[in-house]
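Dear colleague,

My notes on it follow.

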Amino acid sequence: MRLLLDTHILIWALNDPSRLSPATRDLLEDTGNDIFFSAASIWEIAIKVRLGRVSFDHRPGHVTRTALATGFEALPIRSDAAEKVEELPLLHRDPFDRLLVAQALCGPLRLVTADTQIVPYTDLVMLVS
């Protein structure tokens with residue numbers, strides 16, 4: 001299975017896997033699955049760090065290096081995914097999440113998230129805890 005991690009799942013998987021359910025950890029550790037993280041997530045992390053979010057202490061470069069060292073694959077933002085955002089209904093206004101949905105649709109990839117607001121977009125969304 002080809003899985004795209006949303007930003008929170010990415011951070012939890014790398015820094016605090018105990019926040020993920022055993023089933024989700026098994027999914028991410030299954031060597032038969034290809035695990036991707038998006039350049040959009042790294043961009044989102046960079047913006048939150050720059051804005052000085054007190055509860056957000058993850059550096060984008062560290063997240064990227066750790067994800068790659070873990071065996072996750074970086075997913076660039078392609079123009080077809082950026083264009084796809086225009087077609088999405090305004091169910092959720094977070095621009096990063098909307099881009100992740102578009103990337104999942106263009107992949108196709110299963111988007112792994114804990115955000116219930118993303119679920120109505122597509123059957124490709126996999127809601128986990």
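The face of α4 turned away from its buried side carries two exposed residues, Arg 65 and Ala 69. Please note that the model is a predicted one.

Helix α4 spans residues 60-70, and its buried residues are Pro 60, Val 63 and Ala 67. Seen down the helix axis, these buried residues fall within an arc of 60°, so they line one face of α4. The elements against which the buried residues of α4 pack are α1 (7-15), β2 (34-38) and α3 (39-50). Just after α4 comes Gly 71, with a positive phi of about 105°.

The largest nonpolar core has 21 residues. Within this core, the residues with the most contacts are Leu 5, Ile 9, Leu 10, Leu 28, Phe 72 and Val 112. At least two residues of the core are supplied by each of β1 (2-5), α1, α2 (22-29), β2, α3 and α4. The largest share, six residues, comes from α1.

Which residues does Ile 9 touch, not counting those up to four places away in sequence? They are Leu 20, Leu 28, Val 112, Thr 113, Ala 114 and Val 128.

With kind regards

Terms used: Residues are numbered from 1 along each chain as its sequence is written. This is a predicted model: local features need pLDDT of at least 70, side-chain atom pairs count only at pLDDT 80 or more; totals for chains, interfaces and linings use all residues. Side-chain values use heavy atoms; hydrogens and water are left out. Buried means under 20% relative accessible area, exposed over 50%, partly exposed in between (1.4 Å probe, protein chains only). Helices (H or I, at least four residues) and strands (E, at least two) are DSSP runs, numbered from the N terminus. The arc is that of the directions from the helix axis to the C-beta atoms. Contact means heavy atoms within 4.5 Å. A nonpolar core is a set of buried Ala, Val, Leu, Ile, Met, Phe, Trp, Tyr and Cys residues joined through side-chain atoms within 4.5 Å.
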